[in-house]
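Here are a few exercises to work through with the model open beside you. Try each one yourself before reading on to the solution.

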Amino acid sequence: MSNKPANNIQDLQYFGEFGGVNPSISDSATYTFLHAKTMLDTFEGHAEGCYLYSRHTSPSNLYLSEALAAMEFTETANVAASGMGAITSVFMQVCGAEDHIVSSRTIYGGSYAFLKNFAPKFNITASFVDITSLKAVEDAITPKTKMIYCEAISNPLLEIANIAELSKIAKKHNVLLVVDNTFSPLLISPQKLGADITIHSLTKFINGTNDTVGGVVCGTQEFIDSLRNVNDGAAMLLGPVMDSLRAASILKNLRTLHIRMKKHSENALYLAENFEDDGLKVVYPGLKSHSDHQLFKAMYNQEYGFGGILTIDVGTLEKANELMELMQNENLGYLAVSLGFYKTLFSAPGTSTSSEIPEEEQAEMGLSDGIIRFSIGLDNDIERTYRAMRKCMKQVGVL
Ligand SMILES: *Cc1c(COP(=O)(O)O)cnc(C)c1O
(Lines give C-alpha, C1' and ligand atoms only; values in the text may rest on other atoms or scores of the structure.)
Protein backbone atom coordinates (compact mmCIF):
# COMPACT_ATOMS: atom_id res chain seq x y z
CA MET A 1 0.00 0.00 0.00
CA SER A 2 1.18 3.49 -0.84
CA ASN A 3 1.45 6.28 1.67
CA LYS A 4 -0.78 8.43 -0.52
CA PRO A 5 -4.53 7.86 -0.46
CA ALA A 6 -5.20 8.60 -4.15
CA ASN A 7 -2.40 6.23 -5.22
CA ASN A 8 -4.16 3.45 -3.37
CA ILE A 9 -7.34 4.06 -5.38
CA GLN A 10 -5.37 4.30 -8.65
CA ASP A 11 -3.53 1.06 -7.92
CA LEU A 12 -6.66 -1.06 -7.60
CA GLN A 13 -6.89 -3.37 -10.60
CA TYR A 14 -10.09 -4.91 -11.89
CA PHE A 15 -10.68 -7.76 -14.30
CA GLY A 16 -14.45 -8.01 -14.65
CA GLU A 17 -16.32 -11.26 -14.99
CA PHE A 18 -16.02 -11.00 -18.80
CA GLY A 19 -12.71 -9.19 -18.85
CA GLY A 20 -14.36 -5.81 -18.43
CA VAL A 21 -12.24 -2.95 -17.06
CA ASN A 22 -15.02 -2.29 -14.58
CA PRO A 23 -16.15 -5.08 -12.26
CA SER A 24 -19.47 -6.65 -13.23
CA ILE A 25 -22.44 -5.38 -11.27
CA SER A 26 -23.99 -8.02 -9.04
CA ASP A 27 -27.68 -8.01 -9.90
CA SER A 28 -28.88 -10.52 -7.32
CA ALA A 29 -30.43 -10.34 -3.89
CA THR A 30 -29.69 -13.96 -3.07
CA TYR A 31 -26.91 -16.42 -3.99
CA THR A 32 -26.86 -20.15 -4.62
CA PHE A 33 -24.68 -22.74 -2.89
CA LEU A 34 -23.54 -25.96 -4.54
CA HIS A 35 -23.21 -27.57 -1.11
CA ALA A 36 -25.52 -27.08 1.86
CA LYS A 37 -22.57 -27.13 4.25
CA THR A 38 -21.07 -24.02 2.61
CA MET A 39 -24.32 -22.15 3.27
CA LEU A 40 -24.05 -22.84 6.99
CA ASP A 41 -20.40 -21.79 7.00
CA THR A 42 -21.29 -18.56 5.21
CA PHE A 43 -24.01 -17.80 7.77
CA GLU A 44 -21.47 -18.22 10.51
CA GLY A 45 -19.01 -16.02 8.65
CA HIS A 46 -16.44 -18.73 7.90
CA ALA A 47 -16.77 -19.14 4.12
CA GLU A 48 -14.31 -16.79 2.43
CA GLY A 49 -15.48 -15.35 -0.90
CA CYS A 50 -19.03 -16.67 -0.64
CA TYR A 51 -22.12 -14.49 -0.83
CA LEU A 52 -25.33 -15.23 0.99
CA TYR A 53 -27.84 -12.43 0.70
CA SER A 54 -27.32 -8.85 -0.43
CA ARG A 55 -28.29 -7.21 2.86
CA HIS A 56 -25.22 -8.91 4.28
CA THR A 57 -22.94 -7.90 1.43
CA SER A 58 -22.65 -8.14 -2.34
CA PRO A 59 -19.72 -8.22 -4.77
CA SER A 60 -20.38 -4.65 -5.98
CA ASN A 61 -20.58 -3.32 -2.43
CA LEU A 62 -17.37 -5.12 -1.52
CA TYR A 63 -15.52 -3.54 -4.47
CA LEU A 64 -16.56 -0.06 -3.37
CA SER A 65 -15.85 -0.85 0.29
CA GLU A 66 -12.35 -2.07 -0.49
CA ALA A 67 -11.57 1.03 -2.55
CA LEU A 68 -12.69 3.28 0.31
CA ALA A 69 -10.71 1.25 2.83
CA ALA A 70 -7.63 1.69 0.60
CA MET A 71 -8.24 5.45 0.57
CA GLU A 72 -8.62 5.60 4.36
CA PHE A 73 -5.76 3.21 5.21
CA THR A 74 -8.04 0.83 7.12
CA GLU A 75 -8.17 -2.96 6.95
CA THR A 76 -11.62 -2.94 5.41
CA ALA A 77 -14.90 -1.04 5.18
CA ASN A 78 -18.66 -1.45 4.83
CA VAL A 79 -20.79 0.79 2.62
CA ALA A 80 -24.28 1.89 3.67
CA ALA A 81 -27.31 3.36 1.94
CA SER A 82 -26.60 6.82 3.42
CA GLY A 83 -24.17 8.66 5.65
CA MET A 84 -26.72 8.50 8.47
CA GLY A 85 -27.07 4.74 7.88
CA ALA A 86 -23.31 4.41 8.43
CA ILE A 87 -23.15 6.74 11.45
CA THR A 88 -26.14 5.33 13.34
CA SER A 89 -24.99 1.74 12.75
CA VAL A 90 -21.70 2.58 14.42
CA PHE A 91 -23.40 4.24 17.41
CA MET A 92 -25.76 1.30 17.86
CA GLN A 93 -23.01 -1.30 17.40
CA VAL A 94 -20.64 0.24 19.92
CA CYS A 95 -23.17 1.37 22.53
CA GLY A 96 -25.81 -0.39 24.59
CA ALA A 97 -28.14 0.76 27.37
CA GLU A 98 -26.44 3.14 29.84
CA ASP A 99 -23.44 3.73 27.60
CA HIS A 100 -22.23 7.24 26.88
CA ILE A 101 -20.71 9.14 23.96
CA VAL A 102 -18.59 12.27 24.12
CA SER A 103 -19.47 14.18 20.96
CA SER A 104 -18.34 17.39 19.40
CA ARG A 105 -21.15 19.92 19.64
CA THR A 106 -20.58 21.10 16.08
CA ILE A 107 -21.60 18.09 14.04
CA TYR A 108 -23.99 17.41 11.19
CA GLY A 109 -27.57 18.20 12.26
CA GLY A 110 -28.78 14.63 11.70
CA SER A 111 -25.97 13.15 13.82
CA TYR A 112 -26.76 15.68 16.54
CA ALA A 113 -30.49 14.93 16.43
CA PHE A 114 -29.84 11.19 16.64
CA LEU A 115 -27.64 11.52 19.71
CA LYS A 116 -29.83 14.12 21.36
CA ASN A 117 -33.34 12.79 20.63
CA PHE A 118 -33.19 9.20 19.41
CA ALA A 119 -30.36 7.45 21.26
CA PRO A 120 -31.90 8.28 24.70
CA LYS A 121 -34.79 5.96 23.77
CA PHE A 122 -32.22 3.18 24.11
CA ASN A 123 -30.75 4.77 27.23
CA ILE A 124 -27.65 5.86 25.32
CA THR A 125 -26.61 9.39 26.24
CA ALA A 126 -24.20 11.94 24.83
CA SER A 127 -22.33 14.95 26.16
CA PHE A 128 -21.74 17.69 23.60
CA VAL A 129 -18.44 19.49 24.02
CA ASP A 130 -16.25 22.05 22.29
CA ILE A 131 -14.02 19.62 20.39
CA THR A 132 -11.21 22.18 20.13
CA SER A 133 -10.86 22.07 23.93
CA LEU A 134 -9.00 18.84 24.72
CA LYS A 135 -9.66 19.47 28.40
CA ALA A 136 -13.42 19.70 27.83
CA VAL A 137 -13.28 16.39 25.95
CA GLU A 138 -11.33 14.58 28.63
CA ASP A 139 -13.42 16.05 31.46
CA ALA A 140 -16.61 14.75 29.82
CA ILE A 141 -15.41 11.12 29.78
CA THR A 142 -17.11 8.90 32.38
CA PRO A 143 -16.67 5.21 33.22
CA LYS A 144 -19.65 4.59 30.88
CA THR A 145 -18.09 6.38 27.89
CA LYS A 146 -17.53 4.17 24.86
CA MET A 147 -16.63 6.67 22.17
CA ILE A 148 -15.36 10.13 21.27
CA TYR A 149 -17.19 11.30 18.16
CA CYS A 150 -16.27 14.26 15.96
CA GLU A 151 -15.92 15.57 12.43
CA ALA A 152 -12.41 16.24 11.08
CA ILE A 153 -13.63 19.61 9.79
CA SER A 154 -16.82 20.47 11.63
CA ASN A 155 -20.14 21.35 10.09
CA PRO A 156 -20.80 24.24 9.66
CA LEU A 157 -18.24 26.19 11.73
CA LEU A 158 -15.20 24.57 10.10
CA GLU A 159 -13.47 23.91 13.42
CA ILE A 160 -10.61 21.45 13.15
CA ALA A 161 -10.41 18.38 15.41
CA ASN A 162 -6.91 17.62 16.66
CA ILE A 163 -7.20 13.95 15.81
CA ALA A 164 -3.76 12.92 17.08
CA GLU A 165 -4.37 14.45 20.51
CA LEU A 166 -7.96 13.17 20.69
CA SER A 167 -6.60 9.72 19.87
CA LYS A 168 -4.23 9.89 22.84
CA ILE A 169 -7.15 10.76 25.14
CA ALA A 170 -9.24 7.95 23.64
CA LYS A 171 -6.46 5.40 24.15
CA LYS A 172 -5.80 6.55 27.70
CA HIS A 173 -9.45 5.98 28.63
CA ASN A 174 -9.86 2.90 26.46
CA VAL A 175 -12.62 4.38 24.30
CA LEU A 176 -12.92 4.52 20.49
CA LEU A 177 -12.19 7.64 18.45
CA VAL A 178 -14.73 7.84 15.60
CA VAL A 179 -14.23 10.55 12.96
CA ASP A 180 -16.71 11.70 10.32
CA ASN A 181 -14.41 12.72 7.45
CA THR A 182 -17.14 13.82 5.00
CA PHE A 183 -15.78 17.36 4.53
CA SER A 184 -12.19 16.27 3.97
CA PRO A 185 -11.75 13.08 1.91
CA LEU A 186 -8.08 12.71 0.79
CA LEU A 187 -7.18 15.95 2.64
CA ILE A 188 -7.18 14.29 6.03
CA SER A 189 -6.44 10.63 6.78
CA PRO A 190 -7.91 10.16 10.29
CA GLN A 191 -6.66 6.59 10.62
CA LYS A 192 -3.05 7.66 10.16
CA LEU A 193 -3.53 10.23 12.90
CA GLY A 194 -4.87 7.63 15.34
CA ALA A 195 -8.63 7.38 14.73
CA ASP A 196 -10.19 3.93 15.21
CA ILE A 197 -13.11 4.31 12.82
CA THR A 198 -13.54 6.72 9.88
CA ILE A 199 -17.00 7.44 8.46
CA HIS A 200 -18.10 9.27 5.31
CA SER A 201 -21.31 10.43 3.79
CA LEU A 202 -20.53 9.38 0.21
CA THR A 203 -23.33 11.72 -0.88
CA LYS A 204 -20.99 14.69 -0.82
CA PHE A 205 -17.49 14.99 -2.31
CA ILE A 206 -16.82 11.29 -2.80
CA ASN A 207 -19.67 10.66 -5.20
CA GLY A 208 -19.66 14.28 -6.29
CA THR A 209 -22.61 14.21 -8.68
CA ASN A 210 -25.54 14.63 -6.26
CA ASP A 211 -27.44 11.76 -7.82
CA THR A 212 -27.53 9.51 -4.75
CA VAL A 213 -27.03 9.28 -1.00
CA GLY A 214 -24.53 6.80 0.41
CA GLY A 215 -22.24 6.17 3.36
CA VAL A 216 -19.29 4.10 4.53
CA VAL A 217 -17.68 2.89 7.75
CA CYS A 218 -13.92 2.22 7.50
CA GLY A 219 -12.24 0.24 10.27
CA THR A 220 -10.65 -3.01 11.35
CA GLN A 221 -11.75 -6.35 9.91
CA GLU A 222 -12.94 -7.30 13.38
CA PHE A 223 -15.18 -4.23 13.74
CA ILE A 224 -16.60 -4.45 10.21
CA ASP A 225 -17.30 -8.18 10.71
CA SER A 226 -19.16 -7.32 13.91
CA LEU A 227 -21.26 -4.69 12.05
CA ARG A 228 -22.24 -7.33 9.47
CA ASN A 229 -22.76 -10.20 11.89
CA VAL A 230 -26.04 -12.00 11.13
CA ASN A 231 -26.87 -12.38 14.83
CA ASP A 232 -26.05 -9.01 16.33
CA GLY A 233 -24.59 -6.71 13.67
CA ALA A 234 -26.20 -3.27 13.42
CA ALA A 235 -25.58 -2.93 9.67
CA MET A 236 -27.09 -6.38 9.04
CA LEU A 237 -30.06 -6.02 11.39
CA LEU A 238 -30.99 -2.34 10.89
CA GLY A 239 -30.53 -2.94 7.16
CA PRO A 240 -29.22 0.37 5.71
CA VAL A 241 -27.84 -1.48 2.69
CA MET A 242 -26.61 0.17 -0.48
CA ASP A 243 -27.91 -1.11 -3.81
CA SER A 244 -25.31 -2.78 -6.07
CA LEU A 245 -26.05 -0.50 -9.03
CA ARG A 246 -25.29 2.52 -6.87
CA ALA A 247 -22.14 0.99 -5.46
CA ALA A 248 -20.88 0.48 -9.01
CA SER A 249 -21.64 4.08 -10.01
CA ILE A 250 -20.03 5.58 -6.87
CA LEU A 251 -16.89 3.49 -7.47
CA LYS A 252 -16.54 5.05 -10.92
CA ASN A 253 -16.86 8.58 -9.49
CA LEU A 254 -14.36 7.83 -6.72
CA ARG A 255 -11.62 7.50 -9.35
CA THR A 256 -11.66 11.22 -10.12
CA LEU A 257 -11.92 12.38 -6.51
CA HIS A 258 -8.29 13.53 -6.32
CA ILE A 259 -8.65 15.81 -9.33
CA ARG A 260 -11.92 17.22 -8.05
CA MET A 261 -10.66 17.85 -4.51
CA LYS A 262 -7.66 19.80 -5.83
CA LYS A 263 -9.94 22.00 -7.93
CA HIS A 264 -12.50 22.52 -5.14
CA SER A 265 -9.65 23.57 -2.83
CA GLU A 266 -7.97 25.82 -5.38
CA ASN A 267 -11.24 27.64 -6.11
CA ALA A 268 -12.26 27.91 -2.44
CA LEU A 269 -8.88 29.34 -1.43
CA TYR A 270 -9.05 31.92 -4.21
CA LEU A 271 -12.51 33.09 -3.15
CA ALA A 272 -11.72 32.99 0.59
CA GLU A 273 -8.61 35.15 0.16
CA ASN A 274 -10.33 37.66 -2.06
CA PHE A 275 -13.51 37.93 0.04
CA GLU A 276 -11.36 38.41 3.14
CA ASP A 277 -9.35 41.14 1.40
CA ASP A 278 -12.65 42.79 0.51
CA GLY A 279 -13.44 42.98 4.24
CA LEU A 280 -15.95 40.13 4.57
CA LYS A 281 -15.96 37.83 7.62
CA VAL A 282 -14.70 34.61 6.05
CA VAL A 283 -13.98 31.29 7.72
CA TYR A 284 -11.78 28.88 5.72
CA PRO A 285 -9.06 26.56 7.07
CA GLY A 286 -6.67 27.83 4.39
CA LEU A 287 -6.72 31.39 5.72
CA LYS A 288 -4.06 32.47 8.21
CA SER A 289 -6.89 34.09 10.18
CA HIS A 290 -8.49 30.67 10.83
CA SER A 291 -7.87 29.75 14.46
CA ASP A 292 -6.70 26.24 13.52
CA HIS A 293 -4.80 27.07 10.34
CA GLN A 294 -1.51 25.75 11.75
CA LEU A 295 -3.14 22.64 13.18
CA PHE A 296 -4.73 21.90 9.81
CA LYS A 297 -1.37 22.29 8.10
CA ALA A 298 0.17 19.86 10.56
CA MET A 299 -2.50 17.28 9.73
CA TYR A 300 -3.34 17.57 6.04
CA ASN A 301 -2.14 15.79 2.91
CA GLN A 302 -0.82 19.00 1.40
CA GLU A 303 -1.41 18.36 -2.29
CA TYR A 304 -5.21 18.44 -1.80
CA GLY A 305 -5.29 21.84 -0.15
CA PHE A 306 -7.75 23.09 2.45
CA GLY A 307 -11.01 21.78 1.04
CA GLY A 308 -14.02 23.14 -0.78
CA ILE A 309 -16.10 24.53 2.09
CA LEU A 310 -16.01 28.12 3.32
CA THR A 311 -18.43 30.31 5.22
CA ILE A 312 -19.10 34.02 5.21
CA ASP A 313 -21.11 35.93 7.80
CA VAL A 314 -23.27 38.67 6.33
CA GLY A 315 -24.85 39.65 9.68
CA THR A 316 -28.50 38.72 9.35
CA LEU A 317 -30.58 35.92 7.90
CA GLU A 318 -32.47 38.43 5.73
CA LYS A 319 -29.24 39.56 4.06
CA ALA A 320 -28.07 35.97 3.72
CA ASN A 321 -31.31 34.98 2.01
CA GLU A 322 -31.30 38.01 -0.27
CA LEU A 323 -27.71 37.32 -1.35
CA MET A 324 -28.30 33.61 -1.93
CA GLU A 325 -31.39 34.25 -4.04
CA LEU A 326 -29.55 36.81 -6.12
CA MET A 327 -26.53 34.54 -6.65
CA GLN A 328 -28.83 31.75 -7.78
CA ASN A 329 -30.59 34.12 -10.20
CA GLU A 330 -27.19 35.09 -11.57
CA ASN A 331 -26.41 31.38 -12.11
CA LEU A 332 -23.48 31.38 -9.67
CA GLY A 333 -24.69 28.25 -7.94
CA TYR A 334 -27.73 26.71 -6.30
CA LEU A 335 -29.48 27.58 -3.06
CA ALA A 336 -29.31 24.00 -1.83
CA VAL A 337 -27.96 21.94 1.05
CA SER A 338 -25.27 19.29 0.51
CA LEU A 339 -21.77 19.72 -0.86
CA GLY A 340 -19.19 18.47 -3.30
CA PHE A 341 -21.06 19.31 -6.51
CA TYR A 342 -19.56 20.70 -9.75
CA LYS A 343 -21.60 23.86 -9.21
CA THR A 344 -21.33 25.94 -6.07
CA LEU A 345 -24.02 25.22 -3.46
CA PHE A 346 -24.96 27.66 -0.72
CA SER A 347 -27.27 27.55 2.26
CA ALA A 348 -27.77 29.22 5.63
CA PRO A 349 -26.88 26.45 8.12
CA GLY A 350 -28.88 27.89 11.02
CA THR A 351 -32.13 27.34 9.14
CA SER A 352 -31.14 24.23 7.18
CA THR A 353 -28.50 21.60 7.95
CA SER A 354 -28.12 22.67 11.59
CA SER A 355 -31.76 23.58 12.26
CA GLU A 356 -32.01 20.54 14.57
CA ILE A 357 -29.75 22.41 17.00
CA PRO A 358 -31.83 24.70 19.30
CA GLU A 359 -31.33 28.44 18.75
CA GLU A 360 -29.75 29.12 22.17
CA GLU A 361 -27.21 26.35 21.55
CA GLN A 362 -26.50 27.71 18.07
CA ALA A 363 -25.74 31.10 19.59
CA GLU A 364 -23.52 29.55 22.27
CA MET A 365 -21.39 27.69 19.72
CA GLY A 366 -21.02 30.80 17.56
CA LEU A 367 -23.44 29.84 14.83
CA SER A 368 -24.83 33.23 13.84
CA ASP A 369 -27.89 33.28 11.58
CA GLY A 370 -26.10 35.46 9.03
CA ILE A 371 -23.71 32.64 8.13
CA ILE A 372 -23.79 31.29 4.59
CA ARG A 373 -22.02 28.01 3.94
CA PHE A 374 -20.56 27.64 0.46
CA SER A 375 -19.51 24.40 -1.15
CA ILE A 376 -17.35 25.82 -3.91
CA GLY A 377 -17.75 24.18 -7.30
CA LEU A 378 -15.33 23.14 -10.02
CA ASP A 379 -15.60 26.46 -11.93
CA ASN A 380 -12.94 26.60 -14.63
CA ASP A 381 -12.72 30.39 -14.42
CA ILE A 382 -12.89 31.25 -10.74
CA GLU A 383 -11.87 34.89 -11.33
CA ARG A 384 -15.03 35.37 -13.39
CA THR A 385 -17.07 33.76 -10.60
CA TYR A 386 -15.42 36.01 -8.01
CA ARG A 387 -16.22 39.17 -9.98
CA ALA A 388 -19.85 38.11 -10.41
CA MET A 389 -20.26 37.17 -6.73
CA ARG A 390 -18.69 40.46 -5.67
CA LYS A 391 -21.20 42.31 -7.81
CA CYS A 392 -24.07 40.48 -6.05
CA MET A 393 -22.58 41.34 -2.65
CA LYS A 394 -22.35 45.01 -3.59
CA GLN A 395 -25.92 44.96 -4.86
CA VAL A 396 -27.37 43.61 -1.59
CA GLY A 397 -25.10 45.89 0.44
CA VAL A 398 -22.90 43.41 2.29
CA LEU A 399 -19.80 44.86 0.60
C1 LIG B 1 -24.45 14.94 4.81
C2 LIG B 1 -23.67 14.59 6.00
C3 LIG B 1 -23.99 13.46 6.79
C4 LIG B 1 -25.20 12.60 6.48
O5 LIG B 1 -25.07 11.91 5.30
P6 LIG B 1 -26.31 11.40 4.40
O7 LIG B 1 -25.64 10.75 3.25
O8 LIG B 1 -27.11 12.61 4.03
O9 LIG B 1 -27.10 10.47 5.24
C10 LIG B 1 -23.19 13.17 7.86
N11 LIG B 1 -22.13 13.93 8.20
C12 LIG B 1 -21.80 15.02 7.48
C13 LIG B 1 -20.60 15.81 7.89
C14 LIG B 1 -22.55 15.39 6.37
O15 LIG B 1 -22.21 16.48 5.67
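**Exercise 1. The ligand site**

How many residues surround the ligand, and which are the closest?

Solution. Keep in mind that this is a predicted model.

- Step 1: count the shell. It holds 13 residues, and the closest are Gly 83, Met 84, Asp 180, Thr 203 and Lys 204.
- Step 2: ask where the shell comes from. Helix 4 (residues 83-94) gives the largest share, three residues.
- Step 3: go through the polar atoms. Gly 83 uses its backbone, with a polar atom 2.8 Å from a ligand oxygen. Ser 201 works through its side chain, where an N or O atom sits 2.8 Å from an oxygen of the ligand. For Thr 203, a polar side-chain atom is 2.6 Å from a ligand oxygen.
- Step 4: check the cover. On its own the ligand has 380 Å² of accessible area, and the protein covers 92% of that.

**Exercise 2. Thr 145**

Solution. 

- Step 1: Thr 145 belongs to strand 4, which spans residues 145-151.
- Step 2: apply the cut-off. Buried means under 20% relative accessible area. Thr 145 has 6%, so it counts as buried.
- Step 3: look for polar partners. The side chains of Thr 145 and His 100 are joined by a polar contact of 2.8 Å. A polar atom of the Thr 145 side chain also lies 2.7 Å from the backbone nitrogen of Thr 142.
- Step 4: list the neighbours. Leaving out residues up to four places away in sequence, Thr 145 touches His 100, Val 102, Ala 140 and Val 175.

**Exercise 3. Domains and cores**

Work out how the chain is divided, then say which members of the largest nonpolar core touch the most other members.

Solution. 

- Step 1: You get domain 1 (5-254) and domain 2 (258-396).
- Step 2: look at how they meet. Their centres, taken over C-alpha atoms, are 27 Å apart.
- Step 3: turn to the core. It has 85 residues, and Leu 64, Leu 68, Leu 254, Ile 312 and Leu 323 touch the most other members.
- Step 4: zoom in on one member. Beyond four places in sequence, Leu 323 touches residues including Ile 312, Val 314, Ile 372 and Met 393.
- Step 5: note the second core. This separate set of 30 residues includes Val 94, Phe 114, Ala 119 and Met 365.

Terms used
Residues numbered from 1 in each chain as written. Predicted model: local features only at pLDDT ≥ 70, side-chain atom pairs only at ≥ 80, totals over all residues. Heavy atoms only, no water. Core = buried A, V, L, I, M, F, W, Y, C linked by side-chain atoms within 4.5 Å. Buried < 20%, exposed > 50% of the residue type's maximum accessible area, 1.4 Å probe, protein only. Contact = heavy atoms within 4.5 Å. Helix = DSSP H or I, 4+ residues; strand = E, 2+ residues; numbered from the N terminus. Polar contact = N/O pair within 3.5 Å; in protein donor to acceptor, adjacent residues only side chain to side chain. Near = heavy atom within 4 Å. Areas by Shrake-Rupley, 256 points an atom, 1.4 Å probe, with all protein chains shown as cover. Domains from an automatic or database assignment.
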